[in-house]
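Thanks for coming. Please have a look at it before I start.

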Amino acid sequence: MGLGELGNAAAYGFAPATLIAPLGCVSVIGSAFISVLFLKETMRAADMLGGTLTIAGTYLLVTFAPNVTQELTATKIQNYLISWQFLIYVILEIIIFCILLYFYKRKDVKHIVVLLMMVALLASLTIISVKAVAGMITFSAKGKMQLTYPIFYIMFIIMVTSCVFQVKFLNQAMQLYNATVVVPINFVFFTTSAIIAGIIFYQEFQGAALLSVFMFLFGCLLSFLGVFVITRNREEEHLQVPYIDCGHIPGKKKIDKIQPDSNSLSYGTLHDEDDWTSAQS
């Protein structure tokens, strides 16, 4: 998991955030097939349909994603931070988050939408900061050092802080609701938040054709549907606890007791019928 997330974070230094975030649907397909191969779960028709929708959506995402290659320098990140689009966006995000946090803390509202909306709002900051940190590290590796600028450490602190609180609220949702409900809703909220953050902060769709934007959004919709179909009605299988039925033990009547009471001297042993009759008399 750690290596996978490290690779995912590194990818933000080479590709648009609006492309990397929706590709998280591939992990849902991988989990479905791995569960069949290694956990011996049954491949359902819904898994095949969901996988087909997700693969089709992924193809559209890769084909029509914004083809922008930004060299993220510290100066460019600073200019993005003070742009009027981002300032309006972050103010609205803070207001919405405070309202949700008020209902969560003061009114004790633990609805899944409230929890996952807070996760998504934090995720947008995570995506922005992760891409900034990964981009500056990548640019530094090319020979133009960016790690000496204070903005690098500011974005790193935002990245770590938002990740910690994001995991906190996500764990809260996982404790209160079934994973088959949390996973698809969180994927949709997270992806939508990441796309909005990429469009507003990094201006990744600037100058894109209307058809490309439409097909990209259609690919996102197919991926969302695929994830919902795969996780829909998937219940965890619980192991049956083995037990002994008195009526199916040869030579034992249904009124017989398999084991004496715990306060008896013979607790832990089985009686035969004669001993039990004498013990009762």
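Is Leu92 buried, partly exposed or exposed? Before I answer, note that this is a predicted model. Leu92 counts as partly exposed, because its relative accessibility is 47%. The cut-offs here are under 20% for buried and over 50% for exposed, with partly exposed in between. Leu92 sits in helix 6, which covers residues 84-105. Leu92 is also one of the residues that make a nonpolar surface patch of about 900 Å². Among the others in that patch are Trp84, Ile88, Ile91 and Phe103.

Next, aromatic rings. A pair of such rings is described by two things, the distance of the centres and the angle of the planes. How many aromatic pairs does a search of the whole structure find? The search gives 11. One of them is formed by Phe86 and Phe201, an edge-to-face pair with 4.8 Å from centre to centre and 75° between the planes. This pair links distant parts of the chain, since Phe86 is in helix 6 and Phe201 in helix 9 (residues 179-201), 115 residues apart. Phe86 is buried, because its relative accessibility is 7%. Phe201 is buried as well, with a relative accessible area of 0%.

Phe97 and Phe169 make another edge-to-face pair, with centres 6.4 Å apart and 75° between the planes. Phe97 belongs to helix 6 and Phe169 to helix 8 (residues 150-176), so this pair ties together parts that are 72 residues apart in sequence. Both Phe97 and Phe169 are buried. Going back to Phe86 and Phe201, these two are part of one aromatic cluster, together with Tyr80, Tyr89 and Tyr202.

Now a threonine. Is Thr18 buried or exposed? Thr18 is buried, because its relative accessible area is 0%. Thr18 lies in helix 2, residues 17-20. Which side chain does the side chain of Thr18 join in a polar contact of 2.8 Å? The partner is Glu204. Leaving out residues up to four places away in sequence, Thr18 touches Pro66, Ile195, Gly198, Ile199, Glu204, Phe205 and Phe216.

On to charges. The count of salt bridges comes to 2. In one, the side chains of Arg44 and Asp47 meet, at 3.0 Å from N to O. Arg44 is partly exposed, because its relative accessible area is 22%. Asp47, at 3% relative accessibility, counts as buried. Asp108 forms a salt bridge with Lys110, and the closest N and O atoms are 2.3 Å apart. Asp108 counts as exposed, because its relative accessibility is 52%. Lys110, at 25%, counts as partly exposed.

Last, a valine. Where is Val188 found? Val188 is in helix 9. With a relative accessible area of 16%, Val188 is buried, because buried means under 20%. Apart from its neighbours within four places in sequence, Val188 is in contact with Phe224 and Phe228. The C-alpha atoms of Val188 and Ser223 are separated by 9.1 Å, and these residues are 35 apart along the chain.

That is the tour.

How values were computed:
Residues are numbered from 1 along each chain as its sequence is written. This is a predicted model: local features need pLDDT of at least 70, side-chain atom pairs count only at pLDDT 80 or more; totals for chains, interfaces and linings use all residues. Side-chain values use heavy atoms; hydrogens and water are left out. Patches are made of residues with over 30% relative accessible area and no salt bridge: like charges are joined within 9 Å, nonpolar side chains (Val, Leu, Ile, Met, Phe, Trp, Tyr) within 5 Å. Accessible areas come from the Shrake-Rupley method with a 1.4 Å probe; for residues, only the protein chains shown count as cover. A salt bridge is a side-chain nitrogen of Lys or Arg within 4 Å of a carboxyl oxygen of Asp or Glu. Helices (H or I, at least four residues) and strands (E, at least two) are DSSP runs, numbered from the N terminus. Buried means under 20% relative accessible area, exposed over 50%, partly exposed in between (1.4 Å probe, protein chains only). A polar contact is a pair of N or O atoms within 3.5 Å; within protein, one must be able to donate a hydrogen and the other to accept it, and residues adjacent in sequence count only if both atoms are side-chain atoms. Contact means heavy atoms within 4.5 Å. Rings of Phe, Tyr and Trp (its six-membered ring) pair if their centres lie within 6.5 Å; planes under 30 degrees apart count as stacked, over 60 as edge-to-face and the rest as tilted.
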